[in-house]
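Subject: Structure for you to look at

Hello,

Here is the structure I said I would pass on. My notes on it follow below.

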Amino acid sequence: MINYLHTLPNVVIGLSIMCVGLLLSTAIPFYIRWKYKLNPDEHLAKGAEEGFKLFTSITLLLIAFSLVRVQGDHRNVEDLVSREAALMFKLNRSLAAFGGANAAELQGDLKSYANAVVDDEWPLMAKNERSEEASNYLTDLTQGIRLLDPRNPVQQMARAEVVTTLSQLSDVREARLSAARLQLPNYLWDALAISVALLIVFGWLQNPLPKMVAYVGGVTIGVSVLFTLVIALEGLFVGESKVTPEAIVHILPSLGL
């Protein structure tokens, strides 16, 4: 269900959650209580109101924890992409400093690798997969750099920097690919589901009926907006709020010859 929601625009996600929430928490109980003239006992309604307030607070607290987590993951992945772009630029500069035909060829491989990351690997990360094309270019880079033969102190320093930068680039790529599997843990989703379910049950028992419609409906709309933020940000490489390769695209013209 969550994976399907990630394929929708954020506005559609919000409206869907809001409509379903209002249907379950307000429309259905309103119709049942109006049709069958059901009114909870005064003491039951009073207790339900206190329970509703308690689970409203718990639900908001759980959503806040979830938002902090998904925003942190989102920000960390954006930092990874920016660092990856910086390492590509640094590697290209170091190869240029080394000079020679082999280094120029490796600069072309680096640009091909960057293009493969943007065009091929990025869409695949939505499915938790990696690009074989990008992996092949990175392998070619690694093998080619091992064959670089420095002939003076300047080239020796440049080669050392190239080797270090390539190692860092590989590590950052693996970290980015691992981040594609990040999601909210099941225990948080379970806690949210239980809290929302109890919130709906206590909402049904609010009395009088007009108060139930306004009170429960208002809380439902607010919770739905926050839920939309959690779902939109939880998909790091899917949906409208996904992390984009913009930082890498920005340095592409600077790579290669």
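Lys37 has a relative accessibility of 66% and therefore counts as exposed, the cut-off being over 50%. Please keep in mind that this is a predicted model. Lys37 is in the loop that joins helix H2 (10-36) to H3. The phi of Lys37 is near 55 degrees, which is a positive value in a residue that is not glycine.

Asn128 also has a positive phi without being a glycine, with a value near 60 degrees. Asn128 belongs to the loop between H4 and helix H5 (132-146). With 45% relative accessibility, Asn128 counts as partly exposed. In the loop between helix H7 (186-204) and helix H8 (209-234) there is Pro208, and the peptide bond leading from Asn207 to Pro208 is cis, with omega near 0 degrees. I list these because most residues other than glycine have a negative phi and most peptide bonds are trans.

As for the chain as a whole, it has 9 helices and 0 strands. The C-alpha atoms fill a box of roughly 90 × 25 × 25 Å along the principal axes. The radius of gyration is 27 Å, whereas a compact globule of 257 residues would come out near 18 Å. Of those 257 residues, 42% count as buried. Among contacts with a separation of 6 or more, 85% are between residues 24 or more positions apart.

The helix pair I looked at is H3 and H4. The axes of helix H3 (residues 42-98) and helix H4 (residues 101-125) come within 8 Å and cross at roughly 165 degrees. Angles over 145 degrees count as roughly antiparallel, so H3 and H4 are roughly antiparallel to each other. The crossing of H3 past H4 is left-handed. On the H3 side the contact is made by Val81, Glu84, Met88, Leu91, Asn92, Leu95, Ala96 and Phe98. H4 contributes Ala103, Leu106, Gln107, Leu110, Tyr113, Ala114, Val117 and Trp122. Sorted by class, this contact has 13 nonpolar, 2 polar and 1 charged residues.

One further residue of H3 is Ser94. Is Ser94 buried or exposed? Its relative accessibility is 3%, so Ser94 counts as buried. Leaving aside residues up to four places away in sequence, Ser94 touches Ala158, Glu161 and Val162.

Regards

Methods
Residues numbered from 1 in each chain as written. Predicted model: local features only at pLDDT ≥ 70, side-chain atom pairs only at ≥ 80, totals over all residues. Heavy atoms only, no water. Axes fitted to C-alpha atoms, helices over the stretch in contact; angles between N-to-C directions. Helix = DSSP H or I, 4+ residues; strand = E, 2+ residues; numbered from the N terminus. Parallel < 35°, antiparallel > 145°, perpendicular 65-115°, else oblique. Left-handed = near helix turned anticlockwise from the far one by under 90°. Contact = heavy atoms within 4.5 Å. Nonpolar A, V, L, I, M, F, W, Y, C, P; charged D, E, K, R; others polar. Rg over C-alpha atoms; globule rule 2.2 N^0.38 Å. Buried < 20%, exposed > 50% of the residue type's maximum accessible area, 1.4 Å probe, protein only.
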